[in-house]
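Trainee: I would like to go through the terms used for this structure and see what each one rests on.

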Amino acid sequence: MMLLETKGLTRIYGGLRAVDTVDYTLAKGEIHALIGPNGAGKSTFVGMVSGRIPASEGEVWFDGENVTALPAHARIQRGMAYTFQITAIYARLSLFDNVALALGQRDKAKVRAALDRVGLANRMEQIAGDLAYGHQRLLEIAMGVAQTPRLLILDEPTQGLAESEIEEFNTLIRELAGDTTILLIEHNMSVVMALADEITVLETGKILARGTPAEIHANADVQNAYLGTG
Amino acid sequence: MSLDTRSVTLHLGLIAALIVLGFVLPTYHQGNLARILVLATYAVGYNVLFGYTGLLSLGHAMFFAAGMYGCGLAMHLGGVTVIPALVIGLICAAALSAVVALLALRTIGVAFMIVTLMFAQSVYLTALYLGEWTGGDEGFVIAQASRQIAGYALTDPLTRYYAALSLFAIALLITARMMQMSFGRVLIGVRENEERTRMLGYDVFRHKLAAVVISGTIAGAAGAGYAVLFGYVGATFASVQYSIFPLLWVLLGGMGTTIGPLVGVAFMFYLIDYASGITNAYMLIAGAVLVLLTLFARAGIVGEIRNRWAPWLP
Amino acid sequence: MLAILEGAVGASVLALTALGLSLVFGVMRVVNVAHGEFFMLGAVVAWFVSTSIAGHPAIGFLAALAIAPLIAGAVAVLVDRLILKNVAYDPEATIVGTIGVLYILQQSALMIYGPEARPVEPPFSHRIALPWLEWGENGLAFFYPWGLSITSYKLFVIAAAISILLAFWLILSRTRLGLIMRATQMDRETALAFGIPVQRVYSIVFGLGAALAALAAVLIVPIQQAHYLMGHDPLLLSFIVVIIGGLGSVRGTIFAALLIGMSDGVISVFLSPTLSKILATLLVALVLVFRPQGLYGKKMA
């Protein structure tokens, strides 16, 4: 059963095809990594999936429903969650308020539980903007997880995290796997190799290759295009 | 829990203090304070949109005026009694704010400010244009005899004071409660980071729409209250100046604080009252205060207190 | 014909005023709500200058033409340095701040100049009657009806406004200052990187915008009168013009000023002035809602 499917999904910026007729499927329960060089169209692609960026052409299907015409908030309500590449928390509000907004309710125990998953439960009353950068990233992830989405889209979640925090992040994602389908944009190849069931490589807006981590690792095209240049 | 208790204590304590003040104050200040409370209700309404949702309207006078004219004309021309007239005023303000919101919310930032300014300007000009009914610039006076509820004459200073206080208390408690509920927190979310709020699955447009209508309706309630309590309706209340006032009050008192609007209105009222005794150019004070606030105290009086000493202030 | 000439007087003054507002918005991306008060300042200074200089009214007028824009410009530069710079040109804070400036200027004028409206004597004023053709007893004949006349001063206003606009266009397109202004308008960061003193450019632009409004006011004050509340209408009309012409577009602004100024004279023949104002403000609101790039301008990036 496919949770997410795109058909001919395309985004044109002033003549440039940032994402070019991408046909893509994501099975329920899978952890899928999207990799590729900068400017390959990864963020634009997940932007169109989540509805932040309108598609120029093509369709997005979520859980058997064509959601192409739906605005972002309606897609989120149907069970997507999205964490931003550039940290987008409510910097002037407390961690409690941040997570409560993600949960949609102000139940203290539930907020604490959600923060506990990223080890921030003891900072509930702090102002989010006062957190260290790595902790802000973790809060962002906690907000995504708190929504108990069916599809969690993570745009470069480990950027700026310390080694130990990355370890905790990997553990968290593995815990979620099974219930939550995860679409992950990631530059850190060790995270990708450790987590992903499957990998799609995007280059200049097109799918270059798709396969298991081992297959991708062995793929000569991918090595030329991406892994080789590191 | 303690946070909520403190905020309940603050609001109920404030209202209790105002009830006591009604008995203690001399008639002159009783009249002043009644006026301050009605204008503070207007500011409370403005604060819902500007302080909590982060939308800066330069046209709220049109909602105040919609309530005022709706109520005032119903009494003056239609011979309607006070309570139904107030309801008519509220409906007028709610309807106008819904229409304006549907159009103006298609814009953001500076364009939103100018669109609201222009809509308010056309409402003001319409009030002048329909001078046959509205009395234009001169306005009209509502007959003293009709200004009474269940036999209580609203022309009596003490009755008027308590009527004004009731209006303010209702607006204050509704907004204070609203801001503790999920709905209010989402409005704050829209103010702080609109894109994030949308990507948490909230329909940002509908929340903004609701904020404009609630804000406009409270402003209209203040306008209707003003007409009933002070018996005068005039186009001045629809002018640009009356759109700038709530911005000034809320900035001064503290945007996004529940008691800031009252503090701002009271402060400004007595400042202008004092200044107008010295010079006829008393609006100079308003200008200077606006500039100083912009430069030095963006958080306003209550906002600065919250930042420095009392972070729990709602 | 006469309505058109009268309209052209209004349009040329409006074009100058609106150009000032448009310039400030175009380069600095801020809205100067006190713009109308700089207009008022120009008119009031013109009154002070022309009444304090004895002799032929033309001398006083010429002096006012030089002094009023300078004073308005200087005040504007002060506002820029003291307020706008300190709020880092944040668009909303600038609006709130300039609302404050609006009241400060307006109320200061009330204190110093007083609540009266006072006329300024025009430097010259000859009544020029326009010829009219009509079939009379002797066939086609010229005659000079009383209603169809215009003063030479009004024609001068039109000519002066056109020359100022032309001069301005030359500055903008041919001089180094114009180039620097356009560069700053396009991209503040890059301009900074290229060593353009953006802060100084902003002060100059803000002062220039105010000076244009003051200049327009000096031109119109012999026809209207100087009054401390006179800034309101020019501000509103300039808003309308700048928005309809496309925010920040100079050509659009001038085009819209002509359109609004001319149609103001013509429409008011059919509709009451209040009703035409209502329609104009509603039109502006709807243009902003549905066509934010203006009727004339291109879509902004």
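Predicted model: local features only at pLDDT ≥ 70, side-chain atom pairs only at ≥ 80, totals over all residues.

Mentor: Residues are numbered from 1 along each chain as its sequence is written, while chains are lettered from A and ligands numbered from 1 in the order in which they are written.

Trainee: What makes chain A as compact as a globular protein of its length?

Mentor: Chain A has 9 helices and 10 strands; helices (H or I, at least four residues) and strands (E, at least two) are DSSP runs, numbered from the N terminus. The radius of gyration, taken over C-alpha atoms, is set against the globule rule, 2.2 Å times the number of residues to the power 0.38. For 230 residues the rule gives 17 Å and chain A has 17 Å, so chain A is as compact as a globular protein of that length. The C-alpha trace of chain A spans about 50 × 40 × 35 Å along its principal axes.

Trainee: Why do strand 6 and strand 10 of chain A count as edges of the sheet?

Mentor: Two strands pair if DSSP finds at least two bridges between them. The open sheet of 6 strands in chain A has the order 6-7-8-3-9-10, with mixed pairing. Strand 6 (80–83) and strand 10 (206–211) of chain A each have a single partner strand, so one side of each has no neighbour in the sheet. Neighbouring strands are turned by 15° against each other on average, direction ignored.

Trainee: How do you know that strand 9 of chain A pairs with strand 10 of chain A?

Mentor: Strand 9 (residues 198–203) and strand 10 of chain A are antiparallel and joined by 5 bridges, against the at least two that pairing asks for. In one of these, Val201(A) has Ala209(A) of strand 10 as its bridge partner.

Trainee: What makes chain B and chain C count as being in contact?

Mentor: Two residues are in contact if their C-beta atoms, placed from the backbone, lie within 7 Å. By that test 34 residues of chain B touch 34 residues of chain C. Helix 5 of chain B gives the most to its side, with 14 residues. That side of chain B has 24 nonpolar, 9 polar and 1 charged residues; Ala, Val, Leu, Ile, Met, Phe, Trp, Tyr, Cys and Pro count as nonpolar, Asp, Glu, Lys and Arg as charged, and the others, Gly among them, as polar.

Trainee: Why is helix 2 of chain C called roughly parallel to helix 4 of chain C?

Mentor: Axes are lines fitted to C-alpha atoms, for helices over the stretch in contact, and angles run from 0 to 180 degrees between N-to-C directions. Under 35 degrees counts as roughly parallel, over 145 as roughly antiparallel, 65 to 115 as roughly perpendicular and the rest as oblique. The axes of helix 2 (residues 35–52) and helix 4 (residues 91–112) of chain C cross at roughly 25° and come within 9 Å, so helix 2 of chain C is roughly parallel to helix 4 of chain C. Their contact includes Met40(C) of helix 2 and Leu105(C) of helix 4.

Trainee: What makes helix 11 of chain B oblique to helix 13 of chain B?

Mentor: Their axes come within 10 Å and cross at roughly 50°, so helix 11 of chain B is oblique to helix 13 of chain B. The contact has 7 nonpolar, no polar and no charged residues; among them are Leu248(B) of helix 11 and Leu293(B) of helix 13.
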